[in-house]
Amino acid sequence: QVQLVESGGGLVQAGGSLRLSCAASGLFVSIATMGWYRQAPGKQRDLVAAINRGGSTNTADSVKGRFTISRDNAKNTVYLQMNSLKSEDTAVYYCNTNPSVKAYWGQGTQVTVSS
């Protein structure tokens, strides 16, 4: 069974940094296209970054230049390095495949950026 467990969130001041981790089991992040998604309360869940099998990445315009997605195949873990954080980045962050699979959604990890 696929399980994706997000961690690394927390409270950070605007301009600060966090690194989120997504520990995967039941699939290989080296093969799947993986994405980070975020959802603020009452808002749609949106893809913010993705990395494909070949290592190519895409980032949403709202985070371009600030967020970097990466993976460690040996650890079967996907990361999201978040720099220059803004209040608008406050959300619950999730990982999933891209396209996402409903059964794979986990609890996410809360990121709160204070200003």
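Mentor: Helices (H or I, at least four residues) and strands (E, at least two) are DSSP runs, numbered from the N terminus. On that basis the elements of the protein chain run β-β-β-β-β-β-β-β-β-β from the N terminus on, with a count of 0 helices and 10 strands. The model is predicted: local features need pLDDT of at least 70, side-chain atom pairs count only at pLDDT 80 or more, and totals for chains, interfaces and linings use all residues. Residues are numbered from 1 along each chain as its sequence is written, and side-chain values use heavy atoms, leaving out hydrogens and water.

Start with the sheet of 6 strands. This sheet is open and has the order β2-β10-β9-β4-β5-β6, with mixed pairing; two strands pair if DSSP finds at least two bridges between them. Its edge strands are β2 (10-13) and β6 (57-59), each of which pairs on one side only. The twist in this sheet averages 25° from one strand to the next, where axes are lines fitted to C-alpha atoms and angles run from 0 to 180 degrees between N-to-C directions. At the β6 end of the order, β5 and β6 run antiparallel and are joined by 3 bridges. The residue I51 has T57, in β6, as its bridge partner.

The other open sheet has 4 strands in the order β1-β3-β8-β7, with antiparallel pairing. At its edges stand β1 (3-7) and β7, each pairing on one side only. Neighbouring strands of this sheet are turned by 20° against each other on average, direction ignored. Within this sheet, β3 (residues 18-25) pairs with β8 in the antiparallel sense over 6 bridges. The residue A23 stands opposite T77, which belongs to β8.

Now consider T97, which is found in strand β9, a member of the sheet of 6 strands. T97 is buried, with a relative accessible area of 9%; buried means under 20%, exposed over 50%, and partly exposed in between (1.4 Å probe, protein chains only). Leaving aside residues up to four places away in sequence, T97 touches L27, A32, T33, M34, G35, Y37 and Y104, contact meaning heavy atoms within 4.5 Å. The side chain of T97 also reaches the backbone oxygen of P99 at 2.8 Å. P99 itself has its place in the loop between β9 (91-97) and β10 (109-114).

N76 is found in the loop between β7 (67-72) and β8 (77-82), and N76 has a positive phi of about 50° although it is not a glycine. N76 is buried, at a relative accessible area of 12%. S84 has its place in the loop between β8 and β9. Phi of S84 is near 50°, again a positive value in a residue other than glycine. S84 is partly exposed, with a relative accessible area of 40%.

P41 gives another loop position. P41 lies between β4 (34-39) and β5 (46-51), and it is exposed, with a relative accessible area of 77%. Its C-alpha atom is separated by 22 Å from that of R66, the two residues being 25 apart along the chain.

These parts can be set against the chain as a whole. The C-alpha atoms of the protein chain fill a box of roughly 40 × 25 × 20 Å along the principal axes. Of the 115 residues in the chain, 39% are buried. Among contacts between residues at least 6 apart in sequence, 54% join residues at least 24 apart.

How values were computed: Polar contact = N/O pair within 3.5 Å; in protein donor to acceptor, adjacent residues only side chain to side chain.
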